[in-house]
Amino acid sequence: MNTLFWLGTILFILMVLVGGKKGARSFLAIFFNFGVLILTILIMLIPKADPIILTLIASTLISCISLFYINGVSTKTITAFISSIATVVILLFFIVIVTENAMIQGFGEEEAEGISAFSLYIGIDFVKIGASVIIMSTIGAITDTAIAISSPMREIFHHHPSISRKDLFAFGLRMGRDLLGTSTNTLFFAFFGSYLALLIWFKDLSYSIDQIVNSKIFSAEMIAIFFAGIGVASTIPITSWVTAYFLVKKGRK
Amino acid sequence: MVWKDKLKKMSQKQILLYALIGICLAASVLFVHYNHPFYDRPIAKVIKIELTDTTKVTDMHENEDRLFTQRIIAQLKNGDQKGRLIHLTNQYSSSKAYDQQYRVGDELFVSIDANRNENSHLTGTIQGVKRDKYVLMAAWVFILTLLLIGKKQGLLSIISLAVNSILLSYALDVYLHTSGISLLIICGISIILFTTISLLLVNGFNEKTYAAIVATLLGTFMSLLITYLVMQFTSEQGLRYEEMQFVTRPYKVVFMAGVFIGSLGAVMDVAITMSSSIFGLYEKNNNISIKALKASGMEIGKDIMGTMTNILFFAYISGSIPMLILYLKNASPLMFTLSMNLSLELARALAGGIGIVMTIPIGLYTTIFFIKRKRARA
């Protein structure tokens, strides 16, 4: 039987054993997210569709699935959702500027062999696709950080309803700082793992440092890693602020 | 006034740290902007661009695109002919999948044609773009954001990233230069080092960290075992290694090693979340029953499971988007495109997910074991 099928089945069984109903929902969420991703790619094939706007719509749907479907609709998921989208919009703005200037879009020389059979003049702006890739690879981590901050903030507000907005914000920041190390680590190792083959390739073909740093693939990868880190870090103050604002506003009514 | 008060509040150590960061930033930015003499390859800075030709093209799959030809005059920035002008031509498409549109101010690596005539201008071809300054810029924005938001924790995560990268690079050197040592063994040792270093750096020397280290290692090796067994049992049907890029070594081993390094961060995250929250409950109430700890631990695990698997899923799959678009635009059938490009990424994500979910009970029981030991001592 197919390897992917069995790995998927084992994951499903484990998730249900450990998480029960919520585990099953978490597993289904992966499927829904996969569906959103494929659908987005299919729409991106239309030359007139703007990949940046599509990425924004996809991020919104993905955050909805990861937050509302798995955790239900509540104050904490709503503020986490708003914060995730805000972070994505701000991040996207910077990423587009950088991908355009650093010219890291599309394929590098190292990939020439793999793409030689294809027509490359396909009428789709790869600069925007490049920006979309960076956002999409971070969206999971952004929503995760957002919910991890908004959830304890709501708990604290629940136990101390008289807490000031400023103190609540400070509490959110503190929570976020504790998460920062592990969240960035999660992303870094994921990137390291998927580019292990590339690193071995560079070393095997004895690329010099300057060749590596200036090569399209490596610099694209490094810039993606840095932006992933920036994304996770900036989610912290954004979520703390948004959650503090909404909780206090709602509580005072 | 406020600024002065703040300055007074800062300890000397902090001022020293900020000064050090400032100096590093300035020095490195200056360096990448003026490092041309250090390059062996000739670098030229674009000073004038003329668009000479625009053509509409339609490929065999009815995709419409436009081709542009640029005539570029650039000035050499290094080498014997520094300061001389060089004429270059460049063709690019509006999709820019494998070509670039250059602008005035861009710095390019060029090769200079051997010149027959002393008086005529130099000509050459473009070899690549000097991207080092952009990588550096992104790195600094990253470092400053982490420091500004994360303060001490931000600094520690930067250090942990740097140490882990150096370690990985060193481990790969060892693998490449000593024949006979399996990549999996080297990865096994590296995983132990990565885990110990990252968790100690981010969480310090305490029992929470020790429990997390043990849980991470158990979780990672258990998921390695399961994935390996499944791959053996199904004889890797459905995994399309032919699209794996950059392969200079036995590809299966490289793939497996990538799977485990890739999921390690997520597994560590789960392990430390489990151990610190369970220890947190224990510290609040020393007499809490093991049963209550188990119940709360499982609740926490349920909460993080979904989002953690999502992180890995997106981090892995997104990188394939450009290739998927290229395939589909070249009239490849959807299922073929997906299985060619995503089978390995999906296997990675699923194996990582298995690691994450298994680490929840493993982390729970390891932490409870540490708490029991602590109680027995007390």
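Predicted model: local features only at pLDDT ≥ 70, side-chain atom pairs only at ≥ 80, totals over all residues.
This passage looks at a helix pair in chain B and then at a residue and some annotated stretches in chain A. Residues are numbered from 1 along each chain as its sequence is written, with chains lettered from A and ligands numbered from 1 in the order written.

In chain B, helix 2 (residues 12-33) packs on helix 3 (residues 132-177) at about 165 degrees, the axes being 9 Å apart. Axes here are lines fitted to C-alpha atoms over the stretch in contact, with angles from 0 to 180 degrees between N-to-C directions, and helices are DSSP runs (H or I, at least four residues). That angle makes the two helices of chain B roughly antiparallel (over 145 degrees). On the helix 2 side, L25(B), S28(B), V29(B), V32(B) and H33(B) meet D132(B), K133(B), L136(B) and W140(B) of helix 3; contact takes C-beta atoms, placed from the backbone, within 7 Å.

Over in chain A, T239(A) sits in helix 9 (residues 216-252). T239(A) counts as buried because 29 other C-beta atoms lie within 10 Å (the cut-off is 20 or more). Its contacts, leaving out residues up to four places away in sequence, are A80(A), S83(A), A146(A), I149(A), S150(A) and G172(A).

Residues 78-98 of chain A are 100% helix and 0% strand, with end C-alpha atoms 31 Å apart.

How values were computed. Parallel < 35°, antiparallel > 145°, perpendicular 65-115°, else oblique. Contact = placed C-beta atoms within 7 Å. Buried ≥ 20, exposed ≤ 12 C-beta atoms within 10 Å, placed from the backbone.
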